[in-house]
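The entries follow in the order in which I made them.

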Amino acid sequence: MENKKMTRIVLTALFAALAFVATYIIKVPTVGTNGYVNIGDTIVLLCAWMIGGVYGGLAAGVGSALSDLIAGYGMYVPGTFVIKFLMAVVTYFVFNVMKKVNVNKVIGYVISGILAELIMVLGYFLYESIVLGYGLGAALSIGSNFVQAGTCLVLGYALIGALEGARVTTLIRKYV
């Protein structure tokens, strides 16, 4: 039991590091809100599908928020943590419910991934408009966030398919 807990902690740290790198490595500034588009949601999806639950949420939230902090987007750190945490946790639960009612796994990935990205787009709109005070000006980033969402969905589906083909997901899920 103790070994399984330690493995979860190590996997959480590993996926947080992956989320950080994927978010930090490519940053395209968005119009009007001082945010940026990145490919970090690819790893947020993997956090949900491979680790899941609170551990997956923490990996997604911590890694993504740390990237904002180090990249100089400190005003986004709290919002990013909450949004990415929610994306991963909700995606995990939706995917697992679909799996339990025997929905095809690919459909489960597609639906849960789309839901995650809708949480991201809506979450950042609300954060930017209310917390950062951009009001309706926050709508300027919706298009960029949808581009990020679509890109990360495609990359996430490709990666989860490759990892399943290599049986990496089976190995990881055995320990979480």
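I looked up the largest pocket, in what is a predicted model, and its volume is about 210 Å³. A pocket here is an open set of points on a 1 Å grid over the protein atoms alone, with protein on both sides within 12 Å along at least five of seven lines, and lining residues have an atom within 4 Å of a point. The volume is the space filled by probe spheres set on the points, which are joined across faces, edges and corners. I noted that 15 residues line the largest pocket, and that M50, I51, G52, Y92 and V176 are the closest to its centre. Two or more lining residues come from each of α2 (41-51), α3 (53-70) and α4 (77-100). Helices are DSSP runs of H or I with at least four residues, strands are runs of E with at least two, and both are numbered from the N terminus. I sorted the pocket lining by class and got nine nonpolar, three polar and three charged residues. In this sorting Ala, Val, Leu, Ile, Met, Phe, Trp, Tyr, Cys and Pro are nonpolar, Asp, Glu, Lys and Arg are charged, and the others, Gly among them, are polar.

**Conventions.** Residues are numbered from 1 along each chain as its sequence is written. As the model is predicted, local features need pLDDT of at least 70 and side-chain atom pairs count only at pLDDT 80 or more, while totals for chains, interfaces and linings use all residues; side-chain values use heavy atoms, with hydrogens and water left out.

**Cavity.** I then searched for cavities (sets of points where a 1.4 Å probe fits but cannot get out). The structure has one of 30 Å³ or more, and the volume of the largest cavity is about 190 Å³. Of its 19 lining residues, Y36, N38, D68, T80 and Y124 are the closest to the centre. I found that α3, α4, α5 and α6 each give two or more residues to this lining, with α5 giving the most, three. By class I recorded four nonpolar, 11 polar and four charged residues around the largest cavity.

**Helix α3.** I checked the length of α3: its 18 residues reach 26 Å from first C-alpha to last, close to the 26 Å expected at 1.5 Å a residue. The expected span is 1.5 Å times one less than the number of residues. Buried residues of α3 include G53, G56, G57, A65 and D68, where buried means under 20% relative accessible area, exposed over 50% and partly exposed in between (1.4 Å probe, protein chains only). I listed what the buried residues of α3 pack against: α1 (2-25), β2 (36-37), α2 and α4. Just after α3, G72 has a positive phi of about 90°.

**Helix α4.** The 24 residues of α4 should span 34 Å at 1.5 Å a residue, and I read 35 Å between its end C-alpha atoms, which agrees. Among the buried residues of α4 are G79, T80, K84, T91 and N96. Their cover includes α2, α3, α5 and α6.

**T91.** Which residues does T91 touch, leaving aside its neighbours within four places in sequence? I listed A48, W49, L86, S112, G113 and A116 as being in contact with T91, contact meaning heavy atoms within 4.5 Å. T91 is buried at a relative accessible area of 1%. Its side chain reaches the backbone oxygen of M87 at 2.5 Å, and a polar atom of that side chain lies 3.4 Å from the backbone oxygen of S112.

**S141.** I found S141 in the loop between α5 (105-131) and α6 (142-165). S141 is buried, with a relative accessible area of 1%. The side chain of S141 makes a polar contact with the side chain of E128 at 2.6 Å. A polar contact is a pair of N or O atoms within 3.5 Å; within protein, one must be able to donate a hydrogen and the other to accept it, and residues adjacent in sequence count only if both atoms are side-chain atoms. The S141 side chain also reaches the backbone oxygen of A138 at 3.0 Å.

**Positive phi.** Most residues other than glycine have a negative phi. I noted N102, in the loop between α4 and α5, with phi near 65°. N102 is exposed, with a relative accessible area of 69%. R167 also has a phi near 65° and lies in the loop between α6 and α7 (168-175). R167 counts as exposed at 63% relative accessibility.
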